[in-house]
Amino acid sequence: MKNLITLLIVLLSISGYSQKHKPSDLVPDLSKETSTYIEQLVIEKINKGREKMGREPLIFDTLLAPAGDHHALYMRKLGKLTHWEEEDVEGMVNYRFHTSRLKLLDRSKIEDLSEAIGSSLLRLKDGWDPHSFDEISTHLVYCFNQSKGHWKLITDVKWDCVYIVYDLLHDDDENENRKSSGTYITVMLGQYTDEYKKELGIN
């Protein structure tokens, strides 16, 4: 019964995107729901950073998902962080540059895109250096913030939307090709077309 109550608390916190969630008191399930919650917290913290710089907040938009999911899967199968899809990966089409992945998107709505990638050694596993959702998302955004190139890109005024993939596969999971340590994160940034901005009613 206690485990069931804990699980319900986790699910309710994720679905409600609750600021009152105290995940450090829980042992989270390593599921897509867990990953999604971290992604939401990362977006929130990125937008707080943008706000401090006088930028508009980024809109979470699954229009960028085909490009973001593709590159996250490419890095997972390849076993390392990379911006370029230069090496052959079984069962995948290579889109060498991030701009090449525009082919995967609805060009009537997305004008341009870019990406920031990173990794974190912090984990959400019980019994092995467990960390909370907030600690991990804070660490990820801090790492981007400390990289002038990444932070300049993420806070650029041109971007309107964002899509994030936090890949729970870690370097001690089953992947004999793993070359880059940590848990990978892909931040896909998008610029809407003028026509789509009018449709959405944004400047």
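Of the 203 residues in this protein chain, 47% count as buried, where buried means under 20% relative accessible area, exposed means over 50%, and partly exposed is in between (1.4 Å probe, protein chains only). Keep in mind that this is a predicted model, in which local features need pLDDT of at least 70, side-chain atom pairs count only at pLDDT 80 or more, and totals for chains, interfaces and linings use all residues. Residues are numbered from 1 along each chain as its sequence is written, and side-chain values use heavy atoms, with hydrogens and water left out.

The protein chain averages 78, and 73% of the residues score at least 70. Over residues 1-31, though, pLDDT stays under 50. Where pLDDT is low, the predicted coordinates should not be read in detail.

Now for the layout. The protein chain has six helices and four strands; helices (H or I, at least four residues) and strands (E, at least two) are DSSP runs, numbered from the N terminus. Reading from the N terminus, the order is α-α-β-α-β-α-α-β-β-α. A contact means heavy atoms within 4.5 Å. Among contacts with a separation of 6 or more, 65% join residues 24 or more positions apart.

Let's head inside. A nonpolar core is a set of buried Ala, Val, Leu, Ile, Met, Phe, Trp, Tyr and Cys residues joined through side-chain atoms within 4.5 Å. The largest one here has 24 residues, and Val42, Ile164, Ile185, Val187 and Leu189 touch the most other members. Two or more residues each come from helix 2 (32-52), helix 4, helix 5 (148-154), strand 3 (161-166) and strand 4 (183-192). Helix 2 gives the most, with six residues. There is also a second, separate core of 14 residues, which includes Ala67, Leu105, Cys161 and Tyr192.

Take a look at isoleucine 164, which lies in strand 3. Isoleucine 164 is buried, with a relative accessible area of 1%. Leaving aside residues up to four places away in sequence, isoleucine 164 touches Glu39, Val42, Ile43, Ile46, Ile185, Thr186 and Val187. One of those, isoleucine 185, has its own set of contacts beyond four places in sequence, including Val42, Ala116, Leu140 and Phe144.

The buried residues of helix 4 are Phe133, Ile136, Ser137, Leu140, Val141 and Phe144. They cover an arc of only 125° around the axis, which puts them on the same side of helix 4. The arc is that of the directions from the helix axis to the C-beta atoms. An α-helix has 3.6 residues a turn, so residues three or four places apart point the same way.

Histidine 71 sits in helix 3 (residues 65-78) and has a relative accessible area of 0%. Beyond four places in sequence, histidine 71 touches Thr82, His83, Glu85, Arg101, Glu115 and Ile117. Tyrosine 95 is in the loop between helix 3 and strand 2 (110-120), and is buried with a relative accessible area of 16%. Its contacts beyond four places in sequence include Glu85 and Arg101.

Note on methods. pLDDT is the predictor's confidence in each residue, from 0 to 100.
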